[in-house]
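Please read them with the sequence and coordinates open.

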Amino acid sequence: MISEEQFRKELDIIIKNAIREDVGDGDHSSLACIPAYANGKAMLLVKDKGIIAGVDFAKKVFEYVDSDLDVEVLIKDGASVKFGDIAFYVSGSSQSILKAERLVLNAMQRMSAIATKTNYFVQLLEGTNTKILDTRKTTPGIRALEKWAVKIGGGENHRFALYDMVMLKDNHIDFAGGITKAIRKTQEYLADKKLDLKIIVEARNLEEVEIILKSNGIYRILLDNFSFADTQKAVKMIGDKCLTESSGGINEETIRKYAECGVDFISSGALTHSIYNMDLSLKAV
């Protein structure tokens, strides 16, 4: 994953762009009927159940919109919530609260849904040594939020983007002329560019696992769309030579069985691309 500094920069970009998109040259609904001097208070009301996520992000949004807004947090990120819970109160300029409202809700609803689904998968893996990973199958422009939500839910982050880890998948391998060539060219490239990046290589079958194992310096082998039986065989073949990851249509019915095959990680795009937003509201009090 990217550094903490780069992650904060990503969040700043998200907030700045989202406010630009939503507010434009002014929140004319609020400007038209609410005096600039008016102060108010609102609460973040939970109307669903699951894992809350995005409270800390909401604080960043309020700070960006108006540093004089005061946020009183009652429920922290990662906590279980139910209908009727109040996550926080925000007080200060009524116009500022309304300007920030939609970004706060959009982000928290999606982040909470991702954290809830991730936590569900984490519970399914309880008692095994396997960790759940996210993917790059995220919403364009808000990847940092979605990967943050995965961490809040108890999952682990895969690479953030194309630049912080090398992942040689089927198309890379085919375009490069085979697994061995792809790995060799990659290692030469990294040495030439003086880049310290981990290398993951995808295997489509046991024969490809054997070929990958002939090369040194591989961080992890991705077992893509393997059966349970072949996953067990692959894990045994790989041993402690490198880490293992299963992927490819793994769901709540199959995730436990793949974990019991002994893989170190299971990656799932469903953590971020197949979720239903948690129902949250920001209500004036």
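1. What share of the contacts in the chain with a separation of 6 or more comes from residues 24 or more positions apart? The share is 69%. Please keep in mind throughout that this is a predicted model.

2. Overall make-up. The chain has 285 residues, of which 49% are buried. Its secondary structure consists of eleven helices and twelve strands. The C-alpha trace spans about 70 × 40 × 25 Å along its principal axes.

3. Domains. The assignment gives two segments, 4–116 and 276–284, to domain 1, while domain 2 is residues 165–267. Taken over C-alpha atoms, the centres of domain 1 and domain 2 are 40 Å apart.

4. The chain carries 38 positive and 41 negative charges, and the mean positions of the two sets are 3 Å apart.

5. Helix α5. This helix, residues 143–152, is mostly covered, with eight of its ten residues buried. The buried set is A144, L145, E146, K147, W148, A149, V150 and I152; note that E146 and K147 are among them. The packing partners of these buried residues are four helices: α1 (4–23), α3 (55–65), α4 (94–124) and α11 (270–273). Just after α5 comes G154, with a positive phi of about 100°.

6. Helix α9. Which residues of α9 are buried? In this helix, residues 228–238, they are T231, A234, V235 and I238. These residues lie on the same side of α9, because they cover an arc of only 100° around the axis. Just after α9, G239 has a positive phi of about 55°.

7. K194 has a positive phi near 55° and is placed in the loop between α7 (179–193) and β8 (199–203). N225 is not a glycine either, and its phi is positive at about 60°; its place is in the loop between β9 and α9. Are these residues buried or exposed? K194 counts as exposed because its relative accessibility is 74%, above the cut-off of 50%. N225 also counts as exposed, since its relative accessibility is 54%.

8. L243. This residue lies in strand β10, residues 243–247. With a relative accessible area of 26%, L243 is partly exposed. Leaving aside residues up to four places away in sequence, L243 touches Y219, R220, I221, D264 and F265. I200 is 43 residues from L243 in sequence, and the C-alpha atoms of the two are 9.2 Å apart.

9. K169. Where is K169 placed? It is in the loop between β7 (166–168) and α6 (170–176). K169 counts as partly exposed, at 32% relative accessibility. Its contacts, not counting residues up to four places away in sequence, are E202 and L222.

10. V81. This residue belongs to strand β4, residues 80–81. V81 counts as buried because its relative accessibility is 6%, under the cut-off of 20%. Beyond residues up to four places away in sequence, V81 touches V46, D48, K49, G50, I52, I75 and M278. E260 is 179 residues from V81 along the chain, and their C-alpha atoms are separated by 30 Å.

Definitions and conventions: Residues are numbered from 1 along each chain as its sequence is written. This is a predicted model: local features need pLDDT of at least 70, side-chain atom pairs count only at pLDDT 80 or more; totals for chains, interfaces and linings use all residues. Side-chain values use heavy atoms; hydrogens and water are left out. Helices (H or I, at least four residues) and strands (E, at least two) are DSSP runs, numbered from the N terminus. Buried means under 20% relative accessible area, exposed over 50%, partly exposed in between (1.4 Å probe, protein chains only). Contact means heavy atoms within 4.5 Å. Lys and Arg count as positive and Asp and Glu as negative; His and the chain ends are not counted. The place of a charge is taken as NZ of Lys, CZ of Arg, CG of Asp or CD of Glu. Domain bounds come from an automatic or database domain assignment. The arc is that of the directions from the helix axis to the C-beta atoms.
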